[in-house]
Amino acid sequence: MYSEAYIDYLVHFHGLRDYFECHEILEEHWKEDPRGERKLHWVGLIQVAVGLYHHRRSNFIGADRMISNAIRIITTERNELEKLSIDVDQLLFDLSHEQNLINSKAPYAGFEIPINNNDLLEKCRERCTELGCIYGSFSDLSNDDLVHRHTRRDRTEVLEERKEQYRIRQQKRNG
């Protein structure tokens, strides 16, 4: 019923607290559909993770922008998110509260996506146990590799792919 990518997202979100990886997981899943058929609700969840990533790093402008976008998308994609066993009313309430914290420049304190399906929660807890983490644990704010993930990863593959896509576009333009 739930995609592996969604379960992985929830595990990274609530267990490992790796919001950057949450973004990577769901973006890859979102891109599996052809352009024009991609599902916007995945973007909303991606932006929740990215907003929290920015908040945790005290990037309040980026955090506010992402959470605002997430709220807008989640509001319009309510039905799809409810199918994922998300309590959308509670999520919107919590995001609004998070945005108030961001706007007051309060430090990141933690966040949960309210899931209302016990089977899904149990599957996520089991996967967390397999990975050696606990579902619902707090972010380790002293872990710079977690907090500043995007500055510490190897981007060679991403940069090579961008070069290749640029080369393909140039070939198409030049006939």
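Y2 and Y6 are both buried. The model in which they are seen is a predicted one.

**Aromatic pairs**
- The ring centres of Y2 and Y6 are 6.0 Å apart and their planes meet at 40°, so this pair is tilted.
- F13 and F111 form an edge-to-face pair, with 6.4 Å from centre to centre and 70° between the planes.
- F13 belongs to helix α1, whereas F111 is in the loop between α6 (88-103) and α7 (118-131); the pair therefore ties together parts that are 98 residues apart in sequence.
- F13 and F111 are both buried.
- A cluster linked by ring pairs contains Y9, F13, Y19, Y108 and F111.
- The count of aromatic pairs comes to seven.

- Helix α1 is mostly covered, since 10 of its 13 residues are buried.
- Among the buried residues of α1 are A5, Y6, Y9, H12 and F13.
- The elements that cover the buried residues of α1 include α2, α3 (40-56) and α7.
- An α-helix has 3.6 residues a turn, so residues three or four places apart point the same way.
- Just after α1, R17 takes a positive phi of about 55°.

**Histidine H12**
- H12 lies in helix α1, which spans residues 4-16.
- Is H12 buried or exposed? Its relative accessible area is 16%, and because buried means under 20%, H12 is buried.
- Apart from its neighbours within four places in sequence, H12 is in contact with R17, D18, E21, C22 and I25.

**Histidine H29**
- H29 is found in helix α2, which covers residues 19-30.
- With a relative accessible area of 15%, H29 is buried.
- Which residues does H29 contact, leaving aside its neighbours within four places in sequence? They are S3, A5 and W42.
- The C-alpha atoms of H29 and Y6 are separated by 8.4 Å, while the two residues are 23 residues apart along the chain.

**A charge over a ring**
- R38 lies over the face of W30, at 4.9 Å from the ring centre.

Conventions:
Residues numbered from 1 in each chain as written. Predicted model: local features only at pLDDT ≥ 70, side-chain atom pairs only at ≥ 80, totals over all residues. Heavy atoms only, no water. Helix = DSSP H or I, 4+ residues; strand = E, 2+ residues; numbered from the N terminus. Buried < 20%, exposed > 50% of the residue type's maximum accessible area, 1.4 Å probe, protein only. Contact = heavy atoms within 4.5 Å. Phe/Tyr/Trp six-rings, centres within 6.5 Å; stacked < 30°, edge-to-face > 60°. Lys NZ or Arg CZ within 6 Å of the ring centre and 35° of its normal.
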